[in-house]
Amino acid sequence: MVLGGGEADGTGCALTGRDAAMDAALGALYGGGGESGSRRTSGARSAGLGGSAPNVARWLGDIRTYFPSSVVQVMQRDAIERLGLAALLLEPEMLEAVEPDVHLVGTLLSLNKAMPETTKETARAVVRKVVEQLEKKLATRTRATLTGALDRSARISWPRHHDIDWNRTIKANLKNYLPEYRTVVPERLIGYGRAAQSVKKEVILCIDQSGSMAASVVYASVFGAVLASMRSLATRLVVFDTAIVDLTDQLDDPVDVLFGTQLGGGTDINRALAYCQSKITRPADTVVVLISDLYEGGIRNEMLKRVAAMKGAGVEFVTLLALSDEGAPAYDREHAAALAALGAPAFACTPDLFPEVMAAALEKRPLPIP
């Protein structure tokens, strides 16, 4: 690919064997055309995959043979975007050939309504594989981080011996250090109350399901299921475009949550926040996480008033422009600035950072904004 193609090579050297096969796989997606069976999508873009499912399935097998999984996922994403191959994903044999990842799940969800019954079970299997991978990666750290935050929020002045936070106790009593005995006299003990079975905090995840938020919807659904599994948290999951769907009763299975979404459509953040606001019963113990690019199709001033009202009542309000690894998202900067002025800064968050963000919100301390 670096040397060019055909007459553009200019080296007099020909690729053979595995190198030639890798070059052909790359050329089919990124090449300049000229091969029989190629078709153009727009401008100078072209491909050597042809329009048939067998050709594409064979190409998918080739790239999985020659490239690592991370590269395969990028090439699949490019093939869907550059060559318009999304429709072919409606065929079960195609889904069985692809490398599952978050972006593929987003594409499948956007095709959900058009998906024939013969494909849905295969699609669910693909989605479940990705969800299980994400849960395995994210769940342990999330539970550990948030359990610590919830315990710290229950700090007490006269803890039992096993509940003493020795680091904070020593720090609070340094003035009582006795050099001759090389020890600190702990006049004041700091510790945690024993973990109670009752709910300590409430979390509402409010997720924009417009098409650009696909990866965020996938990650948020997985995190929602993890949070819902924690006894000391009461978690609610709300997805919205111009309509609102409360998926809280499906949180035990994030695959059901994902297939309950409908990516695309308009956006009415104000209406969604009104619904979330109506579900808050303990403002001082509630964290609302709005995940949206903030392109509001509803009433902007009313949206901001709702955020201000929730914060005034004691709610911790977090705005995530994206919950993904995709880098800086496109978002409405005017709305982001207005939220920041209300004390609710808007920022993009990676999945790895999300547990720390939630822990800070639960403890009512400054958010670790990247």
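A helix axis is a line fitted to C-alpha atoms, over the stretch in contact when two helices meet. The angle between two such axes runs from 0 to 180 degrees between N-to-C directions. The legends below use that idea on a predicted model.

**View 1. Helices H11 and H12 run roughly parallel to each other.** The axes of H11 and helix H12 (residues 333-341) come within 10 Å. They cross at roughly 30 degrees. Angles under 35 degrees count as roughly parallel, so H11 is roughly parallel to H12. H11 passes H12 in a right-handed crossing. On the H11 side, look for Arg300, Met303, Leu304 and Val307. They meet Glu334, His335, Ala338 and Leu339 in H12. By class, this contact has five nonpolar, one polar and two charged residues.

**View 2. Helix H10 also packs against H11.** H10 covers residues 269-278, and H11 covers residues 300-312. Their axes come within 8 Å and cross at roughly 25 degrees. H10 and H11 are therefore roughly parallel to each other. Here the crossing is left-handed. From H10, the contact uses Ile269, Asn270, Leu273, Ala274 and Gln277. From H11, it uses Glu302, Met303, Arg306, Val307, Ala309 and Met310. The residues of this contact divide into seven nonpolar, two polar and two charged. Met303 and Val307 of H11 are part of this contact, and Met303 and Val307 also meet H12.

View 3. The axes of H5 and H8 come within 8 Å. The crossing angle is roughly 105 degrees. Val102, Val105, Gly106 and Leu109 in H5 meet Ala214, Ala215, Val218 and Tyr219 in H8. By class, the contact has seven nonpolar, one polar and no charged residues.

**View 4. Helix H5 is mostly covered.** H5 spans residues 102-110. Seven of its nine residues are buried. They are Val102, Leu104, Val105, Gly106, Thr107, Leu108 and Leu109. Four of these names belong to the contact with H8: Val102, Val105, Gly106 and Leu109.

**View 5. Ser216 is a buried residue of helix H8.** Is Ser216 buried or exposed? Buried means under 20% relative accessible area. Ser216 has 3% relative accessibility, so Ser216 counts as buried. Leaving out residues up to four places away in sequence, Ser216 touches Ile291, Ala322 and Leu323.

**View 6. Phe223 and Phe354 form an aromatic pair.** The count of aromatic pairs comes to one. The two rings lie 4.5 Å apart, centre to centre. Their planes are 40 degrees apart, and the pair is tilted. Phe223 sits in helix H8 (residues 214-228), and Phe354 sits in helix H13 (residues 354-362). The pair links distant parts of the chain, 131 residues apart. Phe223 and Phe354 are buried.

**View 7. Helix H13 is mostly covered, and Lys364 follows it.** Eight of the nine residues of H13 are buried. These are Phe354, Pro355, Val357, Met358, Ala359, Ala360, Ala361 and Leu362. Lys364 lies in the segment after H13. Phi of Lys364 is near 60 degrees, a positive value in a residue other than glycine. At 40% relative accessibility, Lys364 counts as partly exposed.

**View 8. Leu294 has a positive phi in a loop.** Where is Leu294 found? Leu294 is in the loop between strand S10 (286-291) and H11. Phi of Leu294 is near 70 degrees, again a positive value in a residue other than glycine. Leu294 has 0% relative accessibility and therefore counts as buried.

**View 9. The whole chain puts the close-ups in context.** The protein chain has 13 helices and twelve strands. Buried residues make up 44% of its 370 residues. Take the contacts between residues at least 6 apart in sequence. Of these, 74% join residues at least 24 apart.

Terms used:
Residues numbered from 1 in each chain as written. Predicted model: local features only at pLDDT ≥ 70, side-chain atom pairs only at ≥ 80, totals over all residues. Heavy atoms only, no water. Helix = DSSP H or I, 4+ residues; strand = E, 2+ residues; numbered from the N terminus. Parallel < 35°, antiparallel > 145°, perpendicular 65-115°, else oblique. Left-handed = near helix turned anticlockwise from the far one by under 90°. Contact = heavy atoms within 4.5 Å. Nonpolar A, V, L, I, M, F, W, Y, C, P; charged D, E, K, R; others polar. Phe/Tyr/Trp six-rings, centres within 6.5 Å; stacked < 30°, edge-to-face > 60°. Buried < 20%, exposed > 50% of the residue type's maximum accessible area, 1.4 Å probe, protein only.
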